[in-house]
Amino acid sequence: MYEKFFHLSRDLFCVANSEGYFIEVNPTFSRVLGHTKEELLSKPFMEFLHPEDIQKTKVVLQSLSEGQDTIEFENRYLHKDGTYRVLSWSCATPKDGENMYALARDVTEIRYTQRKVFQIEQALNNHSIIAMTDAKGVITEVNDKFTEISGYSREELIGKTHKIVNSGAHPKEFFKNMWDTINSGKSWSGIIQNRHKMGHYYFVYSILSPFFDNQGNIEGYLSVRVDMTDYINLKFAYEKTYNILNETSSIAKVGGWEMDVATGELNWTDETFKILEVEKKKGQKPMLSEGLSLFTDECKSIVEKAVLECAEQGTPYSLEVEAKSAKGKVFWVYTNGKANYKDGKILTISGTIQDIDMRKKAEIALEKEQMKTMQNLKLASLGEMSAGIAHEINNPLTVVSGTIGLLDRFKDDPEKFQEKLSAMSKSCQRIEKIVRNLQKFSRSSETTEKTSCNLVQIIEDSMSFMIFKAQKGSVEFKVNIEIKAKVLCDEVEMEQVFVNLLSNAIDSVSEVEEKWISLDAYEKEGNVIIKIKDSGPGIPDEIINKVFEPFYTTKAIGKGTGLGLSISKGIIEDHGGELLITHEGPHACFTIKLPINK
Amino acid sequence: MLKVYYLDDEELLIDMFIDYFDTGQIDLKTFQSPEEAIKAVKDSPPDLLFIDFQMPTMNGDQIAFAIDERIPIILITGDIDQKYQYEFKKVIRKPYQVHEVQEIIEEYQNKKPL
């Protein structure tokens, strides 16, 4: 009858002999350990034990053999699959026999769960702030972390409610809502600001859960808290920075943007919406096509090309283009973009957009103004040159008009006739050349054209304009040109510079006895150098730095614009060169340095 | 015969002047350099002197002041708006008509006792 227990029990039953072999095991034994009965009986049971448990088990067996009737203990048995099962034993040796009767229960899962719970509790205790209260909220238990963060000792806390750490920062409704939630049997979580015993504040993320007794009534509460003080402070600092940044962006009218390369979805900062006058809709992000539609038709393709190149090849860009806001306002913006990589792939591109309308328009106006000034200056130089031009034209013109009257006289003398015709033709060519030069000089050069040219011809043409003025003032030209290399330049602009410098030089020798101007041109270290020196008294030290300033002039009213040198300097610098003024002895010397075009 | 000198640095203008006026009516000499002209005037003063103003080494004023003031000087010039320090007897503007020069020559031919 008892055999039924042996077969049906979920516990493990066994009988072992004094040699250390099982002589009988019930089926549960096989089920729990995976070995067949034959296997279990085939070798000493010690061989199934976890090596660490052998010693302990030997001690137990020793006690039993010495007459102790029952002993309870645990050890680990090898399962067929190589793992160990924890068995909790009750062993007995009847007084009459040599055999040992033992009963075991598989407690592997229970022990595992217990260990896990213990570990969780340890972890919670080490890393969280834990408190338990009764149903009224009176603290019954706190861990060390609670005492650390609050500054109160365990004795000070137990028996009090959480009011002891109340910071006063939260309104009554906050706590009422919290209590309503946990009283209804649910958990509550949120960030609470508390006060340390010393008065400073700390922030805790709190999870409050009710505990129930066997009847389902709330017995007390468990609170688990995490210290969030650093995070909150950091977040506050971040928000502050973010606000400052936003404000700064707003003042500077700089907006930010980011595009998801895969979807074409755009992320805009508030300022970007403002700049482009686009209404911000919650949860709706603009797409690339919408972004591109906010540029003028002319600029759209430029921006689109730059964006695509940036998204595909990672080429950064910065552009000054005209935008057309959602409300139709056309204005200048600066916008740039760069690629952002992750694992070698372009994930997003991002950049800024800035309203530069005022600056750009001022720049354009200034450019136009400069163009006008250049033109005025040219006209002024033309006026100055016109006397010389008239002289140059009137001589050959006299030959032409005078020779016409002679043709009739020589009609029977072919040789003479031919000679007269050639004199006329030569004179016509001279006039033609002067007029052509003049056209070139007065050309409104809105678009400057730089070509590779030898400066010799340009210098000679400029001198031909000035030779009259020089002769009129009895100024001698000393010219020494030794340049073969070419420079990349706008012929007309260059001619203006030479005319201006030569004209100034002639003016500056008007009062001196010995009047000469020397022009030396040569090559040196990759540059063409042209030095124009005059026999004048030089430029006083106190104004030498002012001569390149616009509107500075030493000439009488109506005689000079005061723009010549500033514009000449501008032209030379635009050609990548330098225009310098130095003194050689007492005489002023202007040096032009232009890079040779290779 | 009226002795006339003409000074101009332009060869073509000298040639033309010769073609028109060296017809045996006057005794004409031409010069391309101011220095040569001044020397010739000193050596053998003409009755009438035509000079250009703008020349490489000297201008009309400087030449005129370097010459005996009794010699009548006519300026033939391509300049416009030019003011002269010397009081030329007459100023002819280039391009000139042949008759302008012709009339002056005739005027001085008539003054000169034959």
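Residues are numbered from 1 along each chain as its sequence is written, and chains are lettered from A in the order in which they are written. Local features need pLDDT of at least 70 and side-chain atom pairs count only at pLDDT 80 or more, while totals for chains, interfaces and linings use all residues; side-chain values use heavy atoms, without hydrogens and water.

**Exercise 1. Find the mean pLDDT of chain A, and the elements with the lowest and highest values.**

Step 1. pLDDT is the predictor's confidence in each residue, from 0 to 100. Chain A has a mean of 86. In that chain, 93% of residues reach 70 or more.

Step 2. Elements are DSSP runs, numbered from the N terminus: helices (H or I) have at least four residues, strands (E) at least two. Helix α17 (residues 541-544) of chain A has the lowest mean, 76. Helix α7 (residues 154-157) of chain A has the highest, 94.

Step 3. Where pLDDT is low, predicted coordinates should not be read in detail.

**Exercise 2. Are K94(B) and D8(B), joined by a salt bridge, buried or exposed?**

Step 1. The N to O distance in this salt bridge is 3.0 Å.

Step 2. K94(B) lies in the loop between β5 (90-93) and α4 (98-111) of chain B. D8(B) lies in the loop between β1 (3-7) and α1 (11-21), 86 residues apart from K94(B).

Step 3. Both K94(B) and D8(B) are buried.

**Exercise 3. Why does S128(A) count as buried, and which residues does S128(A) touch?**

Step 1. S128(A) is in the loop between α5 (108-127) and β6 (129-134) of chain A.

Step 2. Its relative accessibility is 8%, so S128(A) counts as buried.

Step 3. Contact means heavy atoms within 4.5 Å. Leaving out residues up to four places away in sequence, S128(A) touches A123(A), N143(A), K145(A), V224(A) and R225(A).

**Exercise 4. Describe the contact between chain B and chain A.**

Step 1. Chain B gives 18 residues and chain A gives 24 residues.

Step 2. Buried area is the accessible area (1.4 Å probe) that two parts lose on being put together, summed over both. The two chains bury about 1900 Å² between them, 52% of it on carbon and sulfur atoms. L12(B), D19(B) and Q54(B) supply 30% of the area that chain B buries against chain A, more than any other three residues.

Step 3. Three salt bridges join the chains. E10(B) and R430(A) form a salt bridge, with closest N and O atoms 2.8 Å apart. On the side of chain B that touches chain A, the largest share, five residues, comes from α1(B).

Methods: A salt bridge is a side-chain nitrogen of Lys or Arg within 4 Å of a carboxyl oxygen of Asp or Glu. Buried means under 20% relative accessible area, exposed over 50%, partly exposed in between (1.4 Å probe, protein chains only).
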